[in-house]
Amino acid sequence: MANQPKAGEMLVGAYLKLVEECEIVAYGQHSPIEGEQMEVDVIGIHPGGKREIIVCEVATHLRGLGYGSSRENGEKVESKFRNAESYVSQVFGSSESQRYQFWSPNVPPKSMEELEKASDQFEKQSGCELELVTNRRYSKKINNLRKVASSTYSQRNELAFRFLQILEHLKE
């Protein structure tokens with residue numbers, strides 16, 4: 001049984017669909033192999049000639065990451081992306097273009113240092129960049145999504161986006 005995506009995951013999925021223009025957005029994808037713990041929060045797919053897979057892990061903790069110490073935060077994120085990379089390799093193979101992103105609205109400075117180390121380590125091991133969409137970058141991307149929400153009225157089958165549309169079109 002599929003779980004309902006969390007609010008932060010829905011915002012990221014809406015961003016992928018409406019700003020990045022991914023044709024397909026999927027939430028809470030799990031490894032098809034029984035017993036494996038691999039899971040990805042949000043995946044966006046640009047179809048076409050050379051498909052691009054955008055793999056996102058999302059931590060919408062408003063008071064920091066909440067995985068423990070700064071070091072534990074970095075280790076947890078690094079582990080999530082090792083698993084995500086394994087999942088993507090199993091499901092899509094290595095022929096697809098892949099982008100990895102970690103989204104979180106509030107990452108304290110010491111945890112940010114650890115995330116940057118984890119990002120560097122991930123890139124060394126996988127050959128793929130791990131973009132840290134945190135703090136100001138997170139705000140900038142969500143503000144871009146809000147701009148799209150304020151400029152359209154039609155339903156887009158993304159619940160978080162619909163909430164933003166309603167808020168952006170409130171009458172004073």
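This is a predicted model: local features need pLDDT of at least 70, side-chain atom pairs count only at pLDDT 80 or more; totals for chains, interfaces and linings use all residues.
Local features need pLDDT of at least 70 and side-chain atom pairs count only at pLDDT 80 or more, whereas totals for chains, interfaces and linings use all residues. Residues are numbered from 1 along each chain as its sequence is written, and side-chain values use heavy atoms, with hydrogens and water left out.

**View 1. Crossing of helices α1 and α5.** The axes (lines fitted to C-alpha atoms over the stretch in contact, with angles from 0 to 180 degrees between N-to-C directions) of α1 (residues 7–18) and α5 (residues 159–168) come within 7 Å and cross at roughly 85°. The two helices are therefore roughly perpendicular (65 to 115 degrees). Helices are DSSP runs of H or I with at least four residues, strands are runs of E with at least two, and both are numbered from the N terminus.

**View 2. Residues joining α1 to α5.** Met10, Leu11, Ala14 and Leu18 of α1 meet Leu159, Ala160, Phe161 and Leu164 of α5, contact being heavy atoms within 4.5 Å. By class, this contact has eight nonpolar residues, no polar and no charged ones (Ala, Val, Leu, Ile, Met, Phe, Trp, Tyr, Cys and Pro are nonpolar; Asp, Glu, Lys and Arg are charged; the others, Gly among them, are polar).

**View 3. The buried face of α5.** Ala160, Phe161, Leu164 and Gln165 are buried (under 20% relative accessible area, 1.4 Å probe, protein chains only). Down the axis of α5, its buried residues fall within an arc of 145°, so they line one face of the helix; the arc is that of directions from the helix axis to the C-beta atoms. These residues pack against α1 and α4 (135–150).

View 4. Of the 12 residues of α1, 10 are buried, among them Glu9 and Tyr15.

Definitions and conventions: Angles under 35 degrees count as roughly parallel, over 145 as roughly antiparallel, 65 to 115 as roughly perpendicular and the rest as oblique. Buried means under 20% relative accessible area, exposed over 50%, partly exposed in between (1.4 Å probe, protein chains only).
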